[in-house]
Amino acid sequence: LHIFKFSSWQKLVRELLHMRSPFRIIRWYVLRILHPLQTLKRRRFAWRLGKEEPKRRERLESLLRKGVGIAQPDLDPSLLKEVCTELCRRAKSVVVDPTKESENSGNDFWKHLLTEDDLTTDRPFVRLALQPGVIAMASGYLGEVPYLSSVKAILSYPMARDRLKGSQNWHYDHEDRKTIRLFIYATDVRDEQDGPFTYITAECSKKVPNTFFPREVDDETIR
């Protein structure tokens with residue numbers, strides 16, 4: 001007999017209602033049925049934001065078609081530099097042991113660099129994600145004004161093993177019916193040793209078998 005602690009029940013409910021569970025689609029529809037006027041308002045405002053500038057409109061059409069795009073025109077260079085400089089400073093203080101492998105299925109090849117104190121609207125990490133250009137593109141892509149789900153700064157490093165693990169494999173993100181993510185490198189990517197982010201286009205991803213539940217896809221399937 002397994003008895004859940006109160007904290008375990010809380011985590012279970014949170015997973016079912018918000019994160020990586022098959023109920024995400026039901027939740028999406030329920031929220032919009034319960035708040036129809038708010039949903040309509042968010043969609044109208046998003047439509048205006050995405051159509052304001054001709055250049056942005058062109059990039060948005062490309063993003064919708066390919067599923068990926070360059071975010072640099074929407075970012076403040078000085079704020080971006082401030083964030084990258086701070087992240088590099090923090091990364092230098094992180095002690096990494098590439099031979100220490102986690103026994104569970106979690107991602108043991110990265111470390112988080114942000115704390116709870118960094119996740120306020122006056123901090124540069126959140127301000128970077130809430131720039132008007134970023135919100136406009138996200139709104140146009142999602143079809144409604146979005147909410148910011150998370151801001152993470154991750155130091156990723158190679159492990160002393162030949163196989164890939166967890167999100168190092170190809171995978172779909174399952175947090176919601178549709179999401180948009182802004183990836184920013186704090187250092188230059190010169191070759192494969194720097195860990196380039198790899199992706200497949202929206203059209204190609206339709207050919208990849210997927211399931212209702214989260215899972216990773218091996219390289220052979222992608223090829």
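**Entry 1: chain order.** I read the chain along the sequence and noted the pattern α-α-α-α-α-β-α-α-β-β-α-β-α. I counted nine helices and four strands; these are DSSP runs numbered from the N terminus, with H or I and at least four residues for helices, E and at least two for strands. The model is predicted, so I kept to its thresholds: local features need pLDDT of at least 70, side-chain atom pairs count only at pLDDT 80 or more, and totals for chains, interfaces and linings use all residues. Residues are numbered from 1 along each chain as its sequence is written, and side-chain values use heavy atoms, with hydrogens and water left out.

**Entry 2: whole chain.** I found that buried residues make up 24% of the 223 residues. Buried means under 20% relative accessible area, exposed over 50%, and partly exposed in between, with a 1.4 Å probe and protein chains only.

**Entry 3: helix H5.** I looked up H5, residues 77–92, which has 16 residues. From first C-alpha to last, H5 reaches 23 Å, close to the 22 Å expected at 1.5 Å a residue; the expected span is 1.5 Å times one less than the number of residues. I listed Leu79, Val83, Cys84, Leu87 and Arg90 as buried in H5. Seen down the axis, these buried residues fall within an arc of 130 degrees, so they line one face of the helix; the arc is taken from the directions from the helix axis to the C-beta atoms. The face turned away from the buried side carries the exposed residues Pro77, Ser78, Lys81, Arg89 and Lys92. Helix H6 (124–129) is included in what covers the buried residues of H5.

**Entry 4: salt bridges around Arg90.** I noted seven salt bridges in the structure, each a side-chain nitrogen of Lys or Arg within 4 Å of a carboxyl oxygen of Asp or Glu. Glu86 pairs with Arg90, the closest N and O atoms being 2.8 Å apart. Glu86 and Arg90 are four residues apart in H5, about one helical turn. Glu86 is partly exposed at 23% relative accessibility, whereas Arg90 is buried at 14%. Asp118 also meets Arg90 in a salt bridge (2.7 Å, N to O). This pair links distant parts of the chain, 28 residues apart, with Asp118 in the loop between strand S1 (110–112) and H6. Salt bridges that share partners join Glu86, Arg89, Arg90, Asp118 and Arg123 into one network.

**Entry 5: Glu144 and Arg43.** I recorded a salt bridge between the side chains of Glu144 and Arg43 (3.8 Å, N to O). Glu144 lies in the loop between helix H7 (132–142) and strand S2 (154–156) and Arg43 in helix H3 (residues 36–51), so the pair ties together parts 101 residues apart in sequence. Glu144 is buried at 11% relative accessible area; Arg43 is partly exposed at 38%.

How values were computed. Contact means heavy atoms within 4.5 Å.
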